[in-house]
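Welcome, and thanks for taking a look at this one.

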Amino acid sequence: MALRPPWQPPSEDAETEAMWKRYSEGDRSPEVTAMVQDRKARKMNSILEADDAELFEIKRISVEMPEPARIYKTVTCANCGEKAMEPRTRMIGGKLLCIPCAEKE
Ligand SMILES: [Zn+2]
């Protein structure tokens, strides 16, 4: 099996770099915009046409699993009627509100 270098973006010449500089400085002339769109398309195609092996390294890893999610009661906001989990609500003036509504009070 041949070893392949990882994927590299298409190289850019000095003229293209000068155009990118103009673009980054706010130049949106048709000339600069066309170049930017062309280069973006070239880069996307280069990724789409690359072999998986150039883009991804597949190997076994070991990861520490996160704790199981805690399940909370769902309550209905007294103002907007949206459902929210209990810790994401606030009791304001005797009404249970979702955080966006609580922040408006
Ligand atoms: Zn609400």
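In this predicted model, Thr16, Met19, Arg22 and Tyr23 of helix 1 meet Val32, Met35, Val36 and Arg39 of helix 2. By residue type, the contact of helix 1 with helix 2 holds five nonpolar, one polar and two charged residues.

**How the two helices pack**
- Two packed helices are described by the angle between their axes and the distance between the axes.
- For helix 1 (residues 14-24) and helix 2 (residues 30-49), the angle is about 115° and the axes are 10 Å apart.
- Angles from 65 to 115 degrees count as roughly perpendicular, and helix 1 and helix 2 are therefore roughly perpendicular to each other.
- As for handedness, helix 1 and helix 2 make a left-handed crossing.

**Elements along the chain**
- The protein has four helices and four strands.
- Read from the N terminus, their order is α-α-α-β-β-β-β-α.

**Overall shape**
- How does the radius of gyration of the protein compare with what the globule rule gives for 105 residues?
- The radius of gyration is 26 Å, well over the 13 Å from the rule, so the protein is more spread out than a compact globule.
- The C-alpha trace spans about 65 × 45 × 20 Å along its principal axes.

**Domains**
- The protein is divided into two parts, domain 1 (15-55) and domain 2 (74-104).
- Between the C-alpha centres of domain 1 and domain 2 there are 47 Å.

Terms used:
Residues numbered from 1 in each chain as written. Predicted model: local features only at pLDDT ≥ 70, side-chain atom pairs only at ≥ 80, totals over all residues. Domains from an automatic or database assignment. Axes fitted to C-alpha atoms, helices over the stretch in contact; angles between N-to-C directions. Helix = DSSP H or I, 4+ residues; strand = E, 2+ residues; numbered from the N terminus. Parallel < 35°, antiparallel > 145°, perpendicular 65-115°, else oblique. Left-handed = near helix turned anticlockwise from the far one by under 90°. Contact = placed C-beta atoms within 7 Å. Nonpolar A, V, L, I, M, F, W, Y, C, P; charged D, E, K, R; others polar. Rg over C-alpha atoms; globule rule 2.2 N^0.38 Å.
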